[in-house]
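Dear colleague,

I am handing over a structure to you and would be grateful if you would look through it. My notes on what was found in it follow below.

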Amino acid sequence: MTVTYTNRVANARFGGFSQLLLLWRGSIYKLLWRELLFFLGLYMALSAAYRFMLTEGQKRYFEKLVIYCDQYASLIPVSFVLGFYVTLVVHRWWNQYLCMPLPDALMCVVAGTVHGRDERGRLYRRTLMRYAGLSAVLILRSVSTAVFKRFPTIDHVVEAGFMTREERKKFENLNSSYNKYWVPCVWFSNLAAQARREGRIRDNSALKLLLEELTVFRGKCGMLFHYDWISVPLVYTQVVTIAVYSYFLACLIGRQFLDPAQGYKDHNLDLFVPIFTLLQFFFYAGWLKVAEQLINPFGEDDDDFETNFLIDRNFQVSMLAVDEMYDDLAMLEKDLYWDAAEARAPYTAATAFQMQQPSFQGSTFDITLAKEDMQFQRLDGLDGPLGEAHGDFLQRLLPVSAGMAAGGLLGRRLSLLRRKNSSVSETSTAVSCACACAPDGAIPECGCGDPLLDSGLRESELEYRAGPELPAPEPFTIVPVPALRGPAPPWLPSPIGEEEESLA
């Protein structure tokens, strides 16, 4: 039933869609020709009555009515409501197709997890897939008129081989007034659990994977049921239909050609067939017909889903996958490119030109920059080379160890770097140092007693020490933490430059 024209438009060319205009099956002509002839017949009847049956006074009144209808027909928002409605229906139509229960993933999992080449193993696999197919048949005969005509009763389902007579008894004895399409899925779960107990399914992970695929399959069946149950709101369909029909009812009168001798505005031409009005009817009414055909794709229209074909296909391939193809492997052989460093399949003469085309690397690979634009720039506020970091940032980045707190090499580097780059006042810098609190002859914990570091003191620090004595601050409390393992990281930048070489 589906009209496929994909091959006709495989390549874009001049007038590519024009060849599709002559197709009849599934065409807009087949859908709309009755409505178009009916509209044209009514229009011609009104035109003939105006020209040959009305009196002069009646003609004048009819002419005023024509002008009135033509003036106010444009107030009907037919394009707005019709565009949104058709968009909604097309989106719903495609989503319904995505919910068609296909067994391809499920049959692969059954073939890979339910083991046994004996008759019982084969019976397990075939029965599992038959239950899945039975669930799809039960839901499709509930929503599709074509499938219901094929299986009008459960007896037809039994005779077709989807259900045994014993299963039919259990199905009918189940006391439920609701649709029972889900019952075969429960049978599937119970049978899979039994196969696990017998060791046909070797572990719980395989059973879990099998039941997850069944859940996806059953979810699609449920979505088909809900799409059939919950339709597009009736008020929306009514609004769109009334808008289209009322618009063209006004056009029947408002688009009549009047007598040019009366001198009405925009009525200087007298024709019998309204060409552009018919085109407008063709587009708007055809748009409505598209929504009418797609709103329920489980009927028997030309573009409805081929549900009976899907039932036949799914049943056949699922049985082939779990029975004849089970554990049926070809002998392993080395492929043609076993020893090739770069495997590449050959091209025919019709496609050889594609070998010369470079592979796509990314949209930015074609961007070129000037040499001066590719130079790294110095960050604002840094006087050293590019990449030099502040001591405070490094101190926050690295854990503080006991060696650093006791005046180790890494601690002295960070201390000097902090004094070099800090923006605090000189007074706060002197107060924060514990040199004044150290006893005579003792090495301060901050590292200021180091001869190497004393040589780098600023003049302001020397002047401050010669000034009036300040009250001694409270001593720092050193919290011992695990020391760094090994020497300082090699990637740590040196804050004192040339002195590092003398330390080494």
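To begin with helix packing, the crossing of H2 and H11 is left-handed (the near helix is turned anticlockwise from the far one by less than a right angle; clockwise would be right-handed). Helices here are DSSP runs of H or I with at least four residues, numbered from the N terminus. This is a predicted model, in which local features need pLDDT of at least 70 and side-chain atom pairs count only at pLDDT 80 or more, while totals for chains, interfaces and linings use all residues. Residues are numbered from 1 along each chain as its sequence is written, and side-chain values use heavy atoms, with hydrogens and water left out.

The axes of H2 (residues 56-72) and H11 (residues 234-254) come within 8 Å and cross at roughly 140°; axes are lines fitted to C-alpha atoms, for helices over the stretch in contact, and angles run from 0 to 180 degrees between N-to-C directions. The two helices, H2 and H11, are therefore oblique to each other (under 35 degrees counts as roughly parallel, over 145 as roughly antiparallel, 65 to 115 as roughly perpendicular, and the rest as oblique). In this contact (heavy atoms within 4.5 Å), Phe 62, Leu 65, Val 66, Cys 69 and Asp 70 of H2 meet Ala 250, Ile 253 and Gly 254 of H11. These residues comprise 6 nonpolar, 1 polar and 1 charged (Ala, Val, Leu, Ile, Met, Phe, Trp, Tyr, Cys and Pro count as nonpolar, Asp, Glu, Lys and Arg as charged, and the others, Gly among them, as polar).

A second pair is H3 and H12, whose axes come within 9 Å and cross at roughly 25°. That makes H3 roughly parallel to H12. Their crossing is also left-handed. Among the residues that meet are Trp 93 in H3 and Trp 287 in H12. The contact of H3 with H12 has 12 nonpolar residues, 2 polar and no charged.

A cavity is a set of points, on a 1 Å grid over the protein atoms alone, where a 1.4 Å probe fits but cannot get out; lining residues have an atom within 4 Å of a point. The largest cavity contains about 120 Å³, a volume being the space filled by probe spheres set on the points, which are joined across faces, edges and corners. Its lining divides into 12 nonpolar residues, 3 polar and no charged, and H5 supplies the largest share, 6 residues.

With kind regards

Notes: 1 Å grid on protein atoms, 1.4 Å probe; cavity = no way out; pocket = protein on both sides within 12 Å on 5 of 7 lines; lining within 4 Å.
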